[in-house]
Amino acid sequence: MRFAHNFYNWDRAWDDDLDLRLKLTKETGYEGFEAKPAAIGVLAQVVKEKCDKLGIECTAIGGGIGEAVDYAYAAGAGIVRSGVSKEECARWVDYAGERGIIITIHNHLSIQNRGKGAVETREELLRYLDERPGIYACPDTGHLLLCGSDPVQTIYDLGERCRYIHLKDINPAAVGKANSGGNNFWELGTGALDFSGVMKALEDIGFNGWVTVERDCRVDDYAQSARNMRQSLRDMGY
């Protein structure tokens with residue numbers, strides 16, 4: 001497995017400083033990062049050049065499917081995180097595959113879209129994949145917990161369809177409460193997540209891809225929080 005960090009987890013004051021965010025990604029112990037094109041703020045070719053110099057990778061690109069695939073291809077990323085309609089699924093799977101890219105769907109708590117096609121729970125994630133051959137999963141452990149789904153069981157149920165993962169922890173009091181606000185996201189290894197169980201499940205299904213570590217919460221020291229979470233993985237042998 002390889003470990004990345006999401007640009008969303010850096011200070012918003014750094015949004016215009018790509019060099020700083022890339023430098024911190026490497027200095028805090030990560031091999032790559034995920035972001036949306038608008039959050040990166042420069043052409044994909046520039047991202048690739050900067051990453052090559054630092055020895056890190058643009059791991060995944062999120063956002064709208066068309067822009068995300070094209071940007072990921074130019075930036076050297078092999079994963080796109082985006083929703084795809086059933087009707088357009090085959091076309092986008094082929095388009096991405098021709099460029100060496102896989103498309104993944106990420107479960108995310110979405111109160112405003114609940115019951116309107118939102119993919120939040122383990123069951124909704126599995127159903128989404130069943131209806132869209134060629135799409136893979138990016139289970140988000142934190143959002144699964146917020147919805148009351150078991151991340152460990154979800155990983156086992158996904159099996160080889162789990163090709164990417166967002167690893168995050170939450171406040172034990174928030175489990176099943178469907179509330180992503182406040183300070184419900186905690187540092188990895190300090191909350192309700194069965195951390196060791198998740199890592200064992202990934203090992204058991206033969207997962208050897210990218211794991212993006214997230215906190216999804218505003219904190220006083222972003223770099224130290226990123227280091228702490230990377231250290232929690234090292235303490236487990238990763």
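Accessible areas here come from the Shrake-Rupley method with a 1.4 Å probe. With that settled, I looked up the surface of the chain. It comes to about 10,400 Å², and carbon and sulfur atoms hold 47% of that. I note that this is a predicted model.

**Overall build.** I counted ten helices and ten strands in the chain. I then checked the radius of gyration. A compact globule of 238 residues would have a value near 18 Å, and the chain has 17 Å, which agrees. The C-alpha trace spans about 40 × 40 × 35 Å along its principal axes. Buried residues make up 51% of the 238 residues.

**Contacts and charges.** I took the contacts between residues at least 6 apart in sequence. Of these, 70% join residues at least 24 apart. I also located the charges. The mean positions of the 28 positive and 36 negative charges lie 1 Å apart.

**Aromatic rings.** I found five aromatic pairs. Phe3 and Tyr238 make an edge-to-face pair, 6.3 Å centre to centre, with 70° between the planes. Phe3 sits in strand 1 and Tyr238 in the segment after helix 10, so the pair ties together parts 235 residues apart in sequence. Phe3 is buried, at a relative accessible area of 2%. Tyr238 is partly exposed, at 23%.

Next I looked at Phe7 and Phe33. Their pair is stacked, with centres 4.4 Å apart and planes at 5°. Phe7 is in the loop between strand 1 and helix 1, Phe33 is in strand 2, and 26 residues separate them. Both Phe7 and Phe33 are buried. Last, I noted that Trp10, Trp14 and Tyr222 form one aromatic cluster.

Key:
Residues are numbered from 1 along each chain as its sequence is written. This is a predicted model: local features need pLDDT of at least 70, side-chain atom pairs count only at pLDDT 80 or more; totals for chains, interfaces and linings use all residues. Side-chain values use heavy atoms; hydrogens and water are left out. Helices (H or I, at least four residues) and strands (E, at least two) are DSSP runs, numbered from the N terminus. The radius of gyration is taken over C-alpha atoms; the globule rule is 2.2 Å times the number of residues to the power 0.38. Buried means under 20% relative accessible area, exposed over 50%, partly exposed in between (1.4 Å probe, protein chains only). Contact means heavy atoms within 4.5 Å. Lys and Arg count as positive and Asp and Glu as negative; His and the chain ends are not counted. The place of a charge is taken as NZ of Lys, CZ of Arg, CG of Asp or CD of Glu. Rings of Phe, Tyr and Trp (its six-membered ring) pair if their centres lie within 6.5 Å; planes under 30 degrees apart count as stacked, over 60 as edge-to-face and the rest as tilted.
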